[in-house]
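Subject: Handing over the model

Hi there,

Here is the structure I promised to pass on. Please open it alongside this message, and I will walk you through what turned up.

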Amino acid sequence: MSDLSGRAAVVTGAGTGIGVGIARRLAEHGARVVVSASGSIEGAERLAAELRSQGADVRAVQSDFRRAANAAHVVEHALDAFGQVDILVNNAGRTMVKPFHECDEQDWDHLFNVNIKSMFVTCQAALPGMLERGFGRIINISSVHSQVHAPGYVIYSATKGAINEFTRNLAIDIGRDNITANVIAPGAIHVERYERENVDESNMIRGIPSASVGTPADIAGAAAFLASEDARYVNGAVLFVDGGLTARMSIE
């Protein structure tokens with residue numbers, strides 16, 4: 001288990017699903033954590049209360065990333081609470097499945113604001129302190145849709161591809177300062193949305209070599225590793241946690 005004692009973390013989009021799993025794992029490994037959410041703030045608050053009852057130092061803050069400037073508020077909250085941010089996990093994001101000919105500029109602006117511009121803002125807010133202390137771990141959550149494409153995902157896939165390249169270039173700028181920037185690109189992960197939308201997981205599994213859908217805990221394990229000293233030499237990587245989905249070229 002990676003020891004994150006003494007570290008302070010921010011996890012955005014931590015009201016449901018993957019964000020909850022990551023925040024829980026970081027706290028279990030000893031980190032102090034600020035979690036943020038917008039519409040799912042109740043979930044973030046429940047998570048914070050649960051983890052505090054177990055002895056962890058976890059705070060919840062509401063922030064609507066439709067205005068990317070709000071992303072800085074989350075980092076500022078952590079700096080006020082803990083005096084530092086050592087680990088930044090940018091998980092907040094929106095999914096949109098819509099035929100391209102039905103999309104408009106508002107769709108484009110909305111998804112890029114939430115999925116990538118807010119990430120730019122949180123990184124800019126957290127980096128000065130990381131540079132001053134000579135330590136930092138930035139983990140940006142992308143998607144297999146940055147590499148594997150499907151109808152209706154044009155704008156969404158564009159944002160996820162942008163996350164990959166933003167992060168890889170950022171890694172070059174900050175690597176000499178003992179700060180790493182990496183991407184986790186999840187595949188099919190069972191989250192609450194699957195249940196609300198009655199997603200047919202059996203159909204997904206047919207295209208996954210591991211023959212299963214993942215869980216938030218699978219992503220959390222990767223995040224805890226990248227946040228730790230064990231990953232000090234992992235920088236600019238895009239880690240696909242997808243059961244082998246992106247390794248397969250299907251012609252079925």
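Two strands count as paired here if DSSP finds at least two bridges between them. Please keep in mind that this is a predicted model.

**The sheet**

With that rule, seven strands come together in an open sheet, and their order is E3-E2-E1-E4-E5-E6-E7, with parallel pairing. Strand E3 (58-62) and strand E7 (238-241) sit at the edges, each pairing on one side only. Neighbouring strands of the sheet are turned against each other by 15° on average, direction ignored.

If you want a place to start, pick Asn140, whose bridge partner in E6 is Val183.

Which strands does helix H8 lie across? Helix H8 (residues 216-227) lies across strand E4 (87-90), E5, E6 and E7, and its direction makes an angle of about 170° with E6.

**Salt bridges**

How many salt bridges does the structure hold? The count is eight. In general terms, side chains of opposite charge can pair when their charged atoms come close.

- Arg7 and Glu229 form a salt bridge in which the closest N and O atoms are 3.3 Å apart. This pair links distant parts of the chain, with Arg7 in the segment before strand E1 (8-11) and Glu229 in the loop between H8 and E7, 222 residues apart. Arg7 counts as partly exposed because its relative accessibility is 22%; Glu229 is also classed as partly exposed, at 44%.
- Arg25 and Glu28 form a salt bridge, and here the closest N and O atoms are 4.0 Å apart. The two residues are three places apart in helix H1 (residues 17-28), so about one helical turn separates them. Arg25 has a relative accessibility of 22% and is therefore partly exposed, and Glu28 is partly exposed at 45%.
- Asp64 and Arg66 form a salt bridge with the closest N and O atoms 2.6 Å apart. Asp64 is partly exposed at 22% relative accessibility, and Arg66 is partly exposed at 49%. Elsewhere, salt bridges that share partners join Arg7, Arg137 and Glu229 into one network.

**Cysteines**

A search of the whole structure for disulfides finds zero. Are Cys103 and Cys123 buried or exposed? Cys103 is buried, since its relative accessible area of 18% falls under the 20% cut-off. Cys123 counts as buried too, with a relative accessibility of 2%.

**Around Ser146**

You will find Ser146 in the loop between E5 and helix H5 (154-174), and at 16% relative accessibility Ser146 counts as buried. What does the side chain of Ser146 reach at 2.7 Å? That is the backbone oxygen of Ser143. The side chain of Ser146 also makes a polar contact, at 2.9 Å, with the side chain of Asn164. Setting aside neighbours within four places in sequence, the residues in contact with Ser146 are Ser157, Lys160, Gly161, Asn164 and Phe240.

His190 is in the loop between E6 and helix H6 (192-196). With a relative accessible area of 31%, His190 is partly exposed. The C-alpha atoms of His190 and Arg133 are separated by 37 Å, while the two residues are 57 apart along the chain.

Met204 belongs to helix H7 (residues 201-205), and Met204 is partly exposed, having a relative accessible area of 26%. From Met204 to Lys117 the C-alpha to C-alpha distance is 30 Å, and the two are 87 residues apart in sequence.

That is everything from my side. Happy to hear your thoughts once you have had a look.

Best wishes

Terms used: Residues numbered from 1 in each chain as written. Predicted model: local features only at pLDDT ≥ 70, side-chain atom pairs only at ≥ 80, totals over all residues. Heavy atoms only, no water. Helix = DSSP H or I, 4+ residues; strand = E, 2+ residues; numbered from the N terminus. Buried < 20%, exposed > 50% of the residue type's maximum accessible area, 1.4 Å probe, protein only. Axes fitted to C-alpha atoms, helices over the stretch in contact; angles between N-to-C directions. Contact = heavy atoms within 4.5 Å. Salt bridge = Lys/Arg side-chain N within 4 Å of Asp/Glu carboxyl O. Disulfide = S-S within 2.5 Å. Polar contact = N/O pair within 3.5 Å; in protein donor to acceptor, adjacent residues only side chain to side chain.
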